[in-house]
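Hi,

Here is the structure I promised to pass on. Have a look at it first, and then read my notes below.

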Amino acid sequence: MQYDLHRGTAAQHDYAAELNEEQYAAVTTAARHALVIAGAGSGKTRTLTYRVAWLLEHGVPAWRILLLTFTNKAAREMLERVTQLTGAGAAQLWGGTFHSMANRLLRRHAERLGYRAGFTIFDSDDQKALMRALVKQHVGKVSKTDRFPKPELLLSLHSLAVNTGRDWVEVLKDEYAYLVKHEEVMAAIYRDYAARKLAQNAMDFDDLLVNLLRLLKEHTDIRSDLQERFLHVLVDEYQDTNTPQDEIIALLAGGEHSSLMAVGDDAQSIYSWRGADVRHILNFERAYADAELYRITTNYRSVPEILALSNAAIAQNENRIEKDLRPARRSQKFMPAVVPAPDNRTEAQFVARRIDELMDGGIPGKDIAVLYRAHFHSTDVQMELARAHIPFRITSGLRFFEQAHVKDVVAFLRLIANPRDEVAFRRIAATFPRVGEATAGKLWQGWLAAVEPWLAAHPECTRLAEPHGKVLEKIAVPAAARPSWGGFLALLDSLHPDTGELLPPEMVHAVHEYLIPYQRSAYENYEEREEDIAQLARTVGDEGDLDAFLAQVALLSEVDNDAAADDDCVTLSTIHQAKGLEWKYVFVIFLAEGQFPHRRVIEAGDVEGMEEETRLFYVAVTRAQDQLYLSFPRYNGRSYDVQYCPPSRFLTALPQELTEVWQLN
Ligand code: ATP
Ligand code: MG
């Protein structure tokens, strides 16, 4: 018997009943270019979800729809919703972040850009490792008294240029004038940086965008195919697109029959530090002459008291499109609370105490979030929650796959998948006892000298398909590395035995076993870290293919790291990562001048920067559905280093009648 998993209840929807008139108009539009611009919680994302359902019901095949969202998680949730709504298979729909889409397209076409099949994706750690090596190599050319920029700064300057679509020299002159004297050396380093990545067949995150853009611009056949294919391009959180993303959208949706719907809120643009530019949404009507504009004026998320506060919060900004929202929900007779605490410890105790009370009253942890501007603001709350045995998960901080011990394991898998991956090789060499950077460098040279000719002689292979011992038998292994070398090669061979490659989870286990002695000596809390490796094997469980697994590891963004989210867990998150999400009970902490807004913005008198801080505050308060707690410590720090903290200007600017002050006893 054939059983169709996806058929389900072929539900035709009563769109008019489940959407308000404004949303309905957008969902059913026939416009080729439509922009939905509306405040937080007005149902923009819901509109986009229903739009997908509506298109499917009206005969658009799922594979001809492209849905771009801010996180992979958001895309997944939307696809689930669509499947629920339509009962139809949305599985073929293309949905995800710009980076995941770029990865998918480049996997097919990277060779057109001079890469080889099976490229590696460098994360920030890999980038830093490479950049550090290049600075070391080049910096001999500048005098020792001139402070040369750190690898991190070189990377972020370059990234800002890429993401704002400018030449890096222009960014250097505009924003880093004090570094102009280093221009020549920097140019050489950037040139080498690009060349070394290409030689290693690797792309960093920015390359994914830039290369996709190049592919679309320079290869008309690919561009036309995609324009032909995607009849509908839908984009959420459009206010935070950067320049290459905006160009990619324009090209993909530039076909004769394609249409584009973008939704967003200019008041929630909070990623300018990553090159996002609110002008893309503001100029939409200019970019697309036939654009139709849709607005939604009702808020469905928050009780009226929270909505009133949100409207007042964003009113502090001058540059914005007026769009105060009306509440759809009824009051629950609870005013947003402003909570001054004597110090940060007490503030955290308050948060933990109140959460405990809510949970005792039957509220599940998943309905509660603690939000903050910077990851370190969460330290005290973490401690107090742990003390009170309240389970929580953190979406800020180091993401799972960036932790050193996890990266050690992944490095072996990367080297199997791409034997030209120098960064992975060096990471592995660093686990050999008594092998330092110089020896690792020599080893790498030997490795490469043996591997390149083998790959050249086997053009059909992207990885070694012969025992490593044999391929590498002639290389000179430095004395310090000799004791480790044989075991290392044996391990690599065991990962892809004659019978074909192991599955990625099996590889993880094998590498883990091999690394135990090293990791035991290298890391203090080894037991906890073992748990992580076990988790890694579990995470890769559903990825059969090594390339797919590695791409997934590299692309998982911080917000996606919630595989283990369960109903009991309270969420701790930076505001940036809370974008688009909602919780019944929201605590915003550290609302003190200098912390939020940030001291740097205050001291520089940076007007645009302050507007972005205000938007960030707006994003924070608009996450709350039922209750909102705004707290700050009057003093921050322990006995030896105490700062006095005045309340944030965001609090003092709020009309008094919109909040209730809670005095802590
Ligand atoms: P943000 O700006 O924060 O991304 P948004 O505009 O995307 O918010 P949604 O997340 O789509 O808003 O919707 C906010 C909440 O309101 C959701 O819980 C959604 O289900 C609900 N909602 C939206 N529209 C309606 C409606 N017409 N009827 C009932 N509930 C609605
Ligand atoms: Mg949304």
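A backbone N or O atom of G41 sits 3.0 Å from an oxygen atom of ligand 1. Please keep in mind throughout that this is a predicted model. In T45, a polar side-chain atom is 2.8 Å from an oxygen atom of ligand 1. For R623, an N or O atom of the side chain lies 2.8 Å from an oxygen atom of ligand 1. On its own, ligand 1 would expose 640 Å², and the protein buries 81% of that area.

Stepping back to the whole shell, 19 residues surround ligand 1, and the closest are K44, T45, Q268, E582 and R623. By type, the shell is made up of nine polar, seven charged and three nonpolar residues. Which helix gives the most to this shell? That is α3 (residues 44–57), which supplies three residues.

Helix α6 (residues 124–138) and helix α7 (residues 151–164) have axes that come within 9 Å of each other and cross at roughly 115 degrees. Angles of 65 to 115 degrees count as roughly perpendicular, so α6 is roughly perpendicular to α7. The crossing of α6 past α7 is right-handed.

- The peptide bond that joins F596 and P597 is cis, with omega at about 5 degrees. P597 belongs to the loop between β15 (583–588) and α26 (599–604).
- E237 is a residue other than glycine with a positive phi, near 55 degrees. Its place is the loop that runs between β6 (232–235) and α12 (243–252).

That is everything from my side for now. Do write back with any questions once you have had a look.

Best wishes

Key:
Residues are numbered from 1 along each chain as its sequence is written. Chains are lettered from A and ligands numbered from 1 in the order in which they are written. This is a predicted model: local features need pLDDT of at least 70, side-chain atom pairs count only at pLDDT 80 or more; totals for chains, interfaces and linings use all residues. Side-chain values use heavy atoms; hydrogens and water are left out. A residue is near a molecule or strand if one of its heavy atoms lies within 4 Å of it. A polar contact is a pair of N or O atoms within 3.5 Å; within protein, one must be able to donate a hydrogen and the other to accept it, and residues adjacent in sequence count only if both atoms are side-chain atoms. Accessible areas come from the Shrake-Rupley method with a 1.4 Å probe; for residues, only the protein chains shown count as cover. Helices (H or I, at least four residues) and strands (E, at least two) are DSSP runs, numbered from the N terminus. Ala, Val, Leu, Ile, Met, Phe, Trp, Tyr, Cys and Pro count as nonpolar, Asp, Glu, Lys and Arg as charged, and the others, Gly among them, as polar. Axes are lines fitted to C-alpha atoms, for helices over the stretch in contact, and angles run from 0 to 180 degrees between N-to-C directions. Angles under 35 degrees count as roughly parallel, over 145 as roughly antiparallel, 65 to 115 as roughly perpendicular and the rest as oblique. A crossing is left-handed if the near helix is turned anticlockwise from the far one by less than a right angle, and right-handed if clockwise.
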